[in-house]
Amino acid sequence: MNKVKIRTVKRAIRGDQQAFSQLVLGQADYLTRTGHLYLSRDVDVQDAISETTLIALHSISQLQKPALFRTWLTRILIRQCYRRYSEQAHEVCDLADLPEMPTNLANVSVDEKLDLLGGLKRLNDGYRQVLLMFYYNGLSIHEISDPIGMPENTVKSHLKHGKSQLKTWLGGDYFEK
C-alpha cells in the first residue's frame with residue numbers, strides 16, 4: 001500500500017468519514033469481484049458489501065495496521081458472504097445468477113461453465129475458496145493467505161489438491177482447452 005493510501009487510512013481511523021468513503025470506493029470493484037466468489041446473486045453481493053461497509057465504518061478505529069486495510073476489509077466481507085451464503089444455501093441457482101467467468105474462461109460454453117461450477121461446489125470449502133480467489137479474482141498466494149488467515153504453504157496445497165480433484169471430476173481434457 002502506498003504512502004498516500006496509508007495516510008488516508010490513518011485519517012479514516014481518526015474518524016474522517018470522507019477518507020473512509022474514499023477508501024471504500026477505491027475498493028468497490030475488488031469487493032464486488034470478491035463477493036461474487038462466494039455469492040451468486042448480485043443482490044446478495046451488494047447486501048454483503050453494504051453490511052461490510054457498515055461494520056468497517058463502526059470498527060475502523062480498531063484497525064491497528066493501516067497498511068492492512070484491504071486485508072481487514074476482505075475478512076469482514078468474507079464473513080458477511082459466508083453468513084449470506086448459509087442463509088441462501090437452500091435456494092436453487094438460476095443461470096442468470098452465475099458469476100462472471102474469468103477472462104481465460106470467457107469462451108467456454110454454458111454447459112462447461114455449469115460443469116466447472118458444479119465441480120467447484122463439490123470441493124470442500126477450503127479448496128473452493130482458494131481456487132476461486134486465485135483464478136477468479138487473480139489474487140496471489142500471499143494475497144489469499146492474509147484475509148483468510150491461512151499459511152501460504154497451505155494455500156499452495158489447497159490449490160494443488162483442489163485442481164487435482166476438479167481435473168479428476170471434470171476429466172483431464174477439460175483443462176487442456
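**Helix packing and the nonpolar core**

The crossing of helices H3 and H4 is right-handed in this structure, which is a predicted model. The contact is made by Leu31, Thr32, Gly35 and His36 on the side of H3, and by Asp42, Val45, Gln46 and Ile49 on the side of H4. When these residues are sorted by class, the contact of H3 with H4 is found to comprise 3 nonpolar, 4 polar and 1 charged residues. Two packed helices are described by the angle between their axes and by the distance between those axes. For H3, which spans residues 28–38, and H4, which spans residues 42–59, the angle is about 120° and the axes lie 9 Å apart. Because an angle that falls between the perpendicular range of 65 to 115 degrees and the antiparallel range over 145 counts as oblique, H3 and H4 are therefore oblique to each other.

In soluble globular proteins, nonpolar side chains tend to be buried together. The largest nonpolar core of the model has 41 residues, and those with the most contacts inside it are Tyr38, Phe69, Trp72, Leu120, Met133, Tyr136 and Leu166. At least two residues of this core are supplied by each of H1, H2, H3, H4, H5, H6, H7 and H9, and the largest share, 7 residues, comes from H5.

The loop between H4 and H5, the latter formed by residues 69–88, contains Lys65. With a relative accessible area of 55%, Lys65 is exposed, since the exposed class begins over 50%. Although Lys65 and Ile6 are 59 residues apart in sequence, their C-alpha atoms are 9.2 Å apart in space.

How values were computed
Residues numbered from 1 in each chain as written. Predicted model: local features only at pLDDT ≥ 70, side-chain atom pairs only at ≥ 80, totals over all residues. Heavy atoms only, no water. Axes fitted to C-alpha atoms, helices over the stretch in contact; angles between N-to-C directions. Helix = DSSP H or I, 4+ residues; strand = E, 2+ residues; numbered from the N terminus. Parallel < 35°, antiparallel > 145°, perpendicular 65-115°, else oblique. Left-handed = near helix turned anticlockwise from the far one by under 90°. Contact = heavy atoms within 4.5 Å. Nonpolar A, V, L, I, M, F, W, Y, C, P; charged D, E, K, R; others polar. Buried < 20%, exposed > 50% of the residue type's maximum accessible area, 1.4 Å probe, protein only. Core = buried A, V, L, I, M, F, W, Y, C linked by side-chain atoms within 4.5 Å.
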